Amino acid sequence: MNAKRALYEAAKQERITEAKVRSEIQKAIDIAWWDAGGSGGRLSEVPCKGVVPTPEELLEYLYAQLAFGGGQK
């Protein structure tokens, strides 16, 4: 499943817009990033084009971790 589809499905399930889902995920990313002292903590492991991952980048990363068993320690 790609990130766009995941956003669509979450919005449909929650009966809200995709923009609202994306906004809520972005808020969670921002909180987690800054709670880690601005270093991102585990979020810094997410491959991203910028400094902080986007909701789409995070969703793609999480899907890959779950689907392919990555990240198990």
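Predicted model: local features only at pLDDT ≥ 70, side-chain atom pairs only at ≥ 80, totals over all residues.

Core first. The largest nonpolar core has 10 residues. Among them are Leu 7, Ala 11, Trp 33 and Tyr 61. Which one gives the most? That is α2, with four residues.

Look at Leu 58 in that core. Leaving out residues up to four places away in sequence, Leu 58 touches Ile 25, Ile 29, Leu 43 and Val 46.

Now Ile 31. Ile 31 sits in helix α2. Buried or exposed? Ile 31 counts as exposed, because its relative accessibility is 53% and the cut-off is over 50%.

On to charges. The whole structure has five salt bridges. Take Arg 22 and Glu 56: their closest N and O atoms are 2.8 Å apart. Arg 22 is in α2 and Glu 56 in α3, so this pair ties together parts 34 residues apart in sequence. Both ends are partly exposed, Arg 22 at 31% and Glu 56 at 25%.

Another pair stays within α2. Glu 24 bridges to Lys 20, with closest N and O atoms 3.1 Å apart. These two are four residues apart, about one turn of the helix. Lys 27 joins Lys 20 and Glu 24 in a salt-bridge network.

Last one: Glu 45 pairs with Arg 42 at 3.2 Å, closest N to O. Here Arg 42 is exposed, at 57%, while Glu 45 is partly exposed, at 37%.

Technical notes:
Residues numbered from 1 in each chain as written. Heavy atoms only, no water. Core = buried A, V, L, I, M, F, W, Y, C linked by side-chain atoms within 4.5 Å. Buried < 20%, exposed > 50% of the residue type's maximum accessible area, 1.4 Å probe, protein only. Contact = heavy atoms within 4.5 Å. Salt bridge = Lys/Arg side-chain N within 4 Å of Asp/Glu carboxyl O.
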